[in-house]
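The following note records points for discussion on the model shown below. Each point is kept brief so that it may be checked against the coordinates.

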Amino acid sequence: MVPHEIVVAGASVAGVGVADELRRLGYEGRLILLNAEPHFPYDRPPLSKGLLTGTTPPERAALRKPGHYADRDIDLRTGVAATRLAPGPELALSTGEVLRPGAVVIATGARARTLAWTADGDLGAPPSVPTLRGLDDALRLRERLTAGARLAVIGGGFIGGEVAASARTLGAEVTLIEAAPVPLAGVLGEEPARALLRPHRDAGIRVLCGVPVTGVDRRTSRVVLANGHTVPADLVVAGLGAVPETGWLTGSGLDLDDGVRCDATGATALPGVYAAGDVAAWRDPRSGRHVRHEHWTRAREQAKAVAARILGTEPPAFGPAYFWSDQHGRRIQALGDTAGADTVRLVHGAFDAESWVALYGHAGRLTGAAGYNAAAALMRHRTAVTAGDPFPGACAPLAS
Amino acid sequence: MRVVIDEEKCCGYAACISVAERVFEIDADNIAVPLVERPEGELAEQARAAAEACPTDAILIEED
């Protein structure tokens with residue numbers, strides 16, 4: 001039965017995607033879209049790139065044009081958060097209202113992980129070190145990022161790398177600090193990951209690897225490292241990944257083990273309750289495991305699938321997992337599963353060159369592909385990655 | 001059918017290449033360009049699949 005009213009909690013890529021797709025599929029009931037932030041729904045990829053450097057004005061980061069929601073009779077409630085969920089489903093809002101819709105879609109996303117320092121003396125404790133997740137974070141950071149400002153970026157992952165690159169473009173003196181010997185080695189393999197450090201260094205970013213941060217001494221304005229060294233900084237930003245925004249769901253009866261646990265169609269254990277996007281851990285039909293994706297395209301796919309599931313239409317098939325990162329005017333892209341590969345093979349360019357593509361295999365099957373400045377060459381492998389084509393082991397010669 | 005790229009929306013992900021490499025290419029500015037403006041038959045099917053696969057909805061299919 002089609003619900004009389006649907007509430008989507010969260011208005012980022014997944015939430016807006018669900019609302020749009022419901023209308024596109026012909027849903028005519030009441031549709032409420034909650035946006036906890038006091039902003040128009042916006043897109044996150046520009047936050048660490050164009051919005052930080054100033055090439056993308058905030059209004060260009062809007063997910064949809066003004067009027068989009070009213071045109072589709074989507075009741076967008078800005079600055080209103082879902083605060084509690086109970087079976088029924090029953091949903092309490094920050095306004096004090098309690099709704100009893102036919103279906104609830106949880107799309108509250110993730111928040112930036114903060115450092116869990118054991119404060120040594122006067123070291124700053126979380127959340128005093130800023131992170132970059134929302135529009136306000138980006139605008140605040142942009143205001144303070146001036147030429148010559150000393151910025152320390154803690155965490156050499158994709159967000160850390162993008163922030164470092166953007167800040168350097170603005171003329172800041174940037175130090176990128178990473179606890180692992182090579183950032184992103186676990187995701188892309190050691191050699192490709194190592195190659196990604198060169199553009200940082202070429203741009204004049206100081207890169208410190210294999211050195212965990214133990215704290216920030218705000219008195220002397222220095223980042224303190226485990227090896228006893230310190231990094232002077234006017235500004236510190238931490239990019240340490242994200243954790244699902246599930247705090248408000250405590251007591252709902254939902255399984256919240258690293259995200260809202262869902263079946264392979266986005267349905268949770270509570271009737272009428274679904275989840276999509278960064279907050280959701282969908283069951284992967286291939287492996288049977290529950291996996292939480294933090295990728296923009298996956299959020300979009302899940303949004304379409306959840307809308308179809310609620311309305312009882314055929315959900316679209318998913319492509320392979322996909323993400324990208326833009327740094328120093330170059331683009332890193334990856335398809336499928338590149339982490340945990342037993343074989344990495346270069347098939348285009350060279351890791352120390354301006355362009356490359358590498359294929360990733362596990363147990364004789366192709367599982368993923370990654371590319372650097374090679375969008376078209378990379379995407380030619382998408383079909384084979386989706387199919388999991390046979391992939392010879394490590395002893396196979398390198399293709400040219 | 002006519003294939004149009006919204007250059008404002010295209011971000012050069014090249015997802016279109018993965019499903020329709022005979023219909024699209026990526027130019028030097030990292031923007032998708034239709035190789036065939038009016039694809040027919042199998043290529044028309046591929047163009048529709050590319051529009052569906054595009055992460056930014058930058059491919060517009062104008063049916064005749």
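1. Chain A contains 11 helices and 25 strands, where helices (H or I, at least four residues) and strands (E, at least two) are DSSP runs numbered from the N terminus. The model is a predicted one, in which local features need pLDDT of at least 70 and side-chain atom pairs count only at pLDDT 80 or more, while totals for chains, interfaces and linings use all residues. Residues are numbered from 1 along each chain as its sequence is written, chains are lettered from A and ligands numbered from 1 in the order in which they are written, and side-chain values use heavy atoms, with hydrogens and water left out.

2. On overall form, the radius of gyration of chain A is 22 Å, which agrees with the value near 21 Å that a compact globule of 400 residues would have. This radius is taken over C-alpha atoms, and the globule rule is 2.2 Å times the number of residues to the power 0.38. Along the principal axes, the C-alpha atoms of chain A fill a box of roughly 60 × 55 × 40 Å.

3. Of the 400 residues of chain A, 53% count as buried; buried means under 20% relative accessible area, exposed means over 50%, and partly exposed lies in between (1.4 Å probe, protein chains only). Among contacts in chain A with a separation of 6 or more, 59% come from residues 24 or more positions apart, a contact being heavy atoms within 4.5 Å.

4. How many salt bridges are there over all chains? The count comes to 33, a salt bridge being a side-chain nitrogen of Lys or Arg within 4 Å of a carboxyl oxygen of Asp or Glu. In general, side chains of opposite charge can pair when their charged atoms come close.

5. One such pair is R64(A) with D20(A), whose closest N and O atoms are 2.6 Å apart. R64(A) lies in the loop between helix 2 (50-53) and helix 3 (68-71) of chain A, and D20(A) in helix 1 (residues 13-24), so the pair ties together parts that are 44 residues apart in sequence. R64(A) is partly exposed at 29% relative accessible area, whereas D20(A) is buried at 15%.

6. Two further salt bridges lie within helices. In helix 8 (residues 197-202) of chain A, R198(A) and D202(A) are 4 residues apart, or about one helical turn, and their closest N and O atoms are 3.5 Å apart. R198(A) is partly exposed at 32% relative accessibility, and D202(A) is exposed at 55%. In helix 2 (residues 42-53) of chain B, R48(B) and E45(B) are 3 residues apart, about one turn of the helix, with their closest N and O atoms at 2.7 Å. R48(B) is partly exposed, with a relative accessible area of 32%.

7. Salt bridges that share partners also join E5(A), R30(A), D75(A), R77(A) and E97(A) into one network. Within this group, R77(A) belongs to strand 3 (residues 75-78) of chain A and is buried at 16% relative accessibility. The side chain of R77(A) makes a polar contact (3.1 Å) with that of E97(A). A polar contact is a pair of N or O atoms within 3.5 Å; within protein, one must be able to donate a hydrogen and the other to accept it, and residues adjacent in sequence count only if both atoms are side-chain atoms. Leaving aside residues up to four places away in sequence, R77(A) touches R30(A), I32(A), L33(A), L34(A), N35(A), L93(A) and E97(A).

8. S48(A) is placed in the loop between strand 2 (30-35) and helix 2 of chain A and is buried, at 3% relative accessibility. Its side chain makes a polar contact with the side chain of E162(A) (2.5 Å). Not counting residues up to four places away in sequence, S48(A) touches L132(A), I159(A), E162(A), V163(A) and S166(A).

9. The contact between the chains takes 17 residues from chain B and 15 residues from chain A. The area buried between them is about 1,200 Å², with carbon and sulfur atoms giving 47%; buried area is the accessible area (1.4 Å probe) that two parts lose on being put together, summed over both. In chain B, Y13(B), S18(B) and P55(B) lose the most area to chain A, together 44% of what that side buries.

10. Between chain B and chain A there are 3 salt bridges. K304(A) forms a salt bridge with E52(B), the closest N and O atoms lying 3.7 Å apart. On the side of chain B that touches chain A, helix 1 (residues 15-19) of chain B gives the most, with 4 residues.
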